[in-house]
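Open the model in your viewer and keep the selection tool at hand. The stops below follow one another, each with something to select and something to look for.

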Amino acid sequence: MTFFIFKVCYNTIEENLKKGSYMNRISEKKLDSLVLYLLVTKGQLTTSQLIKSATEYLENQSLLMPGDKKILTGRKDTTFSQIVRNIVSHRDQSGNMIHEGLISYDSNNSSLAITLKGKEHFEKFIATSFK
């Protein structure tokens, strides 16, 4: 099933990520489909695991933008890892995946999981990729 989902979603995810690049960076909003894909295929992930999985996915597909790889000033992490962490830190803002109920966040173990609403949203995403 993972291979099928990957084949169906690959072009749309790639297209969304490229459209979402701003000044050679991927925007937080354009990560939605990739985050849902990773949570569907891998299950619940900590923020660190999500950063690692998303980075590996994007690097394997040659989609990580140059600006995403930049190390933040005075820190050891990249711009991209900050964008992924913003999913949690911006959880009270309209349009955020957590705020919209697509994924849940457990602050006790810093983990993210896809919700029923998120699964339904992802299924619609797959269906529209056939149109």
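Select T46 and then S111: in this predicted model, T46 stands opposite S111 of strand 3. The two strands here, strand 1 and strand 3, run antiparallel and are joined by 2 bridges.

The view now holds an open sheet of 3 strands in the order 1-3-2, with antiparallel pairing. Strand 1 (45-46) and strand 2 (103-106) are the edges; each has a single partner strand, so one side of each is left without a neighbour in the sheet.

I103 stands opposite I114 in strand 3. S104 has A113 of strand 3 as its bridge partner. For Y105, the bridge partner in strand 3 is L112.

Now move to the turn of this hairpin, where 4 residues lie between strand 2 and strand 3. Select S110 there: its phi is positive, near 50°.

Show the side chains of strand 3. Which residues point one way from strand 3, and which the other way? S111 and A113 point one way, while L112 and I114 point the other way. Buried or exposed? All of these residues of strand 3 are buried. In a regular strand the side chains alternate between the two faces of the sheet.

Leave the sheet and select helix 4 (residues 79-89). This helix is mostly covered, with 8 of its 11 residues buried. To see them, colour T79, F80, S81, I83, V84, N86, I87 and V88, the buried residues of helix 4. What do the buried residues of helix 4 pack against? Their neighbours are helix 2 (32-42), helix 3 (47-60), strand 2 and strand 3.

Two of those neighbours make the next stop. Two packed helices are described by the angle between their axes and the distance between the axes. For helix 2 and helix 3, the axes come within 11 Å and cross at roughly 110°. To see the contact, select L34, V35, Y37, L38 and K42 on helix 2, together with L50, S53, A54, Y57 and L58 on helix 3. By type, the residues of this contact divide into 8 nonpolar, 1 polar and 1 charged.

Finally, zoom out to the whole protein chain. The chain has 5 helices and 3 strands, and from the N terminus on its elements run α-α-β-α-α-β-β-α. Of its 131 residues, 43% count as buried. Among contacts between residues at least 6 apart in sequence, 56% join residues at least 24 apart.

Technical notes: Residues numbered from 1 in each chain as written. Predicted model: local features only at pLDDT ≥ 70, side-chain atom pairs only at ≥ 80, totals over all residues. Heavy atoms only, no water. Pairing = 2+ DSSP bridges. Buried < 20%, exposed > 50% of the residue type's maximum accessible area, 1.4 Å probe, protein only. Contact = heavy atoms within 4.5 Å. Axes fitted to C-alpha atoms, helices over the stretch in contact; angles between N-to-C directions. Nonpolar A, V, L, I, M, F, W, Y, C, P; charged D, E, K, R; others polar.
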